[in-house]
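Please look through the structure below before reading on.

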Amino acid sequence: MNRRTTTLSAAVALAAALALTGCSSDSSSNGSSGGSSAGRPELKVSGAFMPQPVMDMAGGFLTITNSGDTADKLTSVTSGISDDVTIHETKNQKMQEVKSFDIPANGELKLERGGNHIMFMELKKQPKQGEKVGIELHFEKSDPIKVELPVEAPNHNPKQH
Ligand code: CU
């Protein structure tokens, strides 16, 4: 009984603290101690690559890790290499466009071969293995993140290593 009271007052104190700091969060002191930065997704991109395209379309794969206490969404992707970039999920071996992908709080979003992916259509040029393709990820809450996708062999799949 006592414990419940403590948790409740802690929650109230936290809410008050959040309300107070509301506007000053721009300093984004990414307090690695956690807690103080509650309320913001903290996104990091890793393992990005694009298999060398064999036609005028390509896929993009990467992992977005969210170390923040707030969930976010990947809502769109843009790139200089294509004006038609969408995000797809794969269900029953078929891919279909989605409006967004969830990036859970303290979790990750994986785009990998055979699953969710970024889809580039009508490529303006076909990048070769060893080159890099610049993209920008757009989120519901976080600022956009620019990523360079290294172009790998057409059959590259990190999961097989
Ligand atoms: Cu697709």
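A salt bridge here is a side-chain nitrogen of Lys or Arg within 4 Å of a carboxyl oxygen of Asp or Glu. By this rule the model, which is a predicted one, has seven salt bridges. Side chains of opposite charge can pair when their charged atoms come close. Three of these pairs are described next.

Lys73 pairs with Asp102, and their closest N and O atoms are 3.7 Å apart. This pair links distant parts of the chain, since Lys73 belongs to strand β3 and Asp102 to strand β6, 29 residues apart. Lys73 has a relative accessible area of 28%, so Lys73 is classed as partly exposed.

Another salt bridge joins Lys124 to Asp83, with 3.0 Å between the closest N and O atoms. Lys124 sits in the loop between β8 and β9 (132–139), while Asp83 sits in the loop between β3 and β4 (84–91), so the pair ties together parts that are 41 residues apart in sequence. Both ends are exposed: Lys124 has a relative accessible area of 52%, and Asp83 has a relative accessibility of 68%.

Lys110 and Glu108 also meet through their side chains, at 3.8 Å from N to O. Lys110 is partly exposed because its relative accessible area is 39%, and Glu108 is partly exposed because its relative accessibility is 42%.

Which charged residue is buried yet has no salt bridge? Asp72 is such a residue; the nearest side chain of opposite charge, that of Lys141, is 5.2 Å away. Asp72 lies in strand β3, which covers residues 72–79. What the side chain of Asp72 does have is polar partners: a polar contact of 2.6 Å with the side chain of Ser142, and a reach of 3.3 Å to the backbone nitrogen of Glu140. Leaving out residues up to four places away in sequence, Asp72 touches a set of residues including Pro41, Leu43, Asn66, Phe101 and Phe139. Asp102, the salt-bridge partner of Lys73, is also among the residues that Asp72 touches.

Two loop residues can be set side by side. Ala105 is in the loop between β6 (101–103) and β7 (107–111), and its 32% relative accessibility makes it partly exposed. Beyond four places in sequence, Ala105 touches Asn66, Gly68, Asp69, Thr70 and Ala71. The C-alpha atoms of Ala105 and Arg40 are 9.2 Å apart, although 65 residues separate the two along the chain. Gly114 is in the loop between β7 and β8 (117–121) and counts as exposed, because its relative accessibility is 69%. Its C-alpha atom is 7.7 Å from that of Gln93, which is 21 residues away along the chain.

Now for the whole chain. Of its 161 residues, 33% are buried. Among contacts between residues at least 6 apart in sequence, 69% join residues at least 24 apart. The chain exposes about 10,200 Å², of which carbon and sulfur atoms supply 51%.

The mean pLDDT is 85, and 76% of the residues reach 70 or more. Over residues 20–37, pLDDT stays under 50, and the model has four contacts beyond four places in sequence for that stretch.

Key. Residues are numbered from 1 along each chain as its sequence is written. This is a predicted model: local features need pLDDT of at least 70, side-chain atom pairs count only at pLDDT 80 or more; totals for chains, interfaces and linings use all residues. Side-chain values use heavy atoms; hydrogens and water are left out. Helices (H or I, at least four residues) and strands (E, at least two) are DSSP runs, numbered from the N terminus. Buried means under 20% relative accessible area, exposed over 50%, partly exposed in between (1.4 Å probe, protein chains only). Lys and Arg count as positive and Asp and Glu as negative; His and the chain ends are not counted. A polar contact is a pair of N or O atoms within 3.5 Å; within protein, one must be able to donate a hydrogen and the other to accept it, and residues adjacent in sequence count only if both atoms are side-chain atoms. Contact means heavy atoms within 4.5 Å. Accessible areas come from the Shrake-Rupley method with a 1.4 Å probe; for residues, only the protein chains shown count as cover. pLDDT is the predictor's confidence in each residue, from 0 to 100.
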